[in-house]
Amino acid sequence: METALTYIVIAIVLTIIVLVVLKLNRKDFNIEANKLITYLGGKDNIINAECNMSRFKVILKDVSIVDKDGIQKLGAKGIVEIDNQLKIIFGKDARVLKKYISQIV
């Protein structure tokens, strides 16, 4: 009986540890979206934002004020600049970031 109780307590402790680790590793996309907006020159600099698959496409008023290094530190795997637009490869996070940015802009 004591052995079963010991295993139950160990299982509960391990479950709590796993949940804490998962929560610490989860991105806060609201914070990430705010940082991305700042790196893009602020919400007044953003004309339009779209997302298809792993790419986040944004049309800007002034591309010269964009902090590309900051965007890459957020996890961008690549940035392509064409005229007044940027195509940023974020992978699976692109759609979630687009959702949060649409709510802010």
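This is a predicted model: local features need pLDDT of at least 70, side-chain atom pairs count only at pLDDT 80 or more; totals for chains, interfaces and linings use all residues.
Reader: Which residues of α4 are buried?

Author: Helix α4 covers residues 94–104, and its buried residues are Ala94, Leu97 and Ile101. Viewed along the axis of α4, these buried residues fall within an arc of 65°, so they line one face of the helix. Arg95 and Gln103, on the other side of α4, are exposed.

Reader: Over how many bridges do β1 and β2 pair?

Author: Strand β2 spans residues 55–60 and pairs with β1 over six bridges, in the antiparallel sense. Asparagine 52 stands opposite arginine 55 of β2.

Reader: What should I look for in a nonpolar core?

Author: In soluble globular proteins, nonpolar side chains tend to be buried together. In this structure the largest nonpolar core has 21 residues, and those with the most contacts inside it are Leu40, Phe56, Val58, Ile88 and Phe90. The elements giving two or more residues to this core are α2 (29–39), β1, β2, β4 (85–89) and α4.

Reader: Which residues does phenylalanine 90 touch?

Author: Leaving aside residues up to four places away in sequence, phenylalanine 90 touches Leu36, Ser54, Phe56, Ile71, Leu74, Gly75, Ala76, Lys77 and Leu97. Leu97 is also one of the buried residues of α4.

Reader: Is glutamine 85 buried or exposed?

Author: The test is the relative accessible area, and buried means under 20%. Glutamine 85 has a relative accessible area of 17%, so glutamine 85 is buried. This residue is in strand β4. Not counting residues up to four places away in sequence, glutamine 85 touches Lys57, Val58, Ile59, Val63 and Val80.

Reader: Where is isoleucine 37 placed, and how far is isoleucine 37 from valine 66 in space?

Author: Isoleucine 37 is in helix α2. Its relative accessibility is 6%, so isoleucine 37 counts as buried. Isoleucine 37 and valine 66 are 29 residues apart in sequence, and 9.5 Å apart in space from C-alpha to C-alpha.

How values were computed:
Residues are numbered from 1 along each chain as its sequence is written. Side-chain values use heavy atoms; hydrogens and water are left out. Buried means under 20% relative accessible area, exposed over 50%, partly exposed in between (1.4 Å probe, protein chains only). Helices (H or I, at least four residues) and strands (E, at least two) are DSSP runs, numbered from the N terminus. The arc is that of the directions from the helix axis to the C-beta atoms. Two strands pair if DSSP finds at least two bridges between them. A nonpolar core is a set of buried Ala, Val, Leu, Ile, Met, Phe, Trp, Tyr and Cys residues joined through side-chain atoms within 4.5 Å. Contact means heavy atoms within 4.5 Å.
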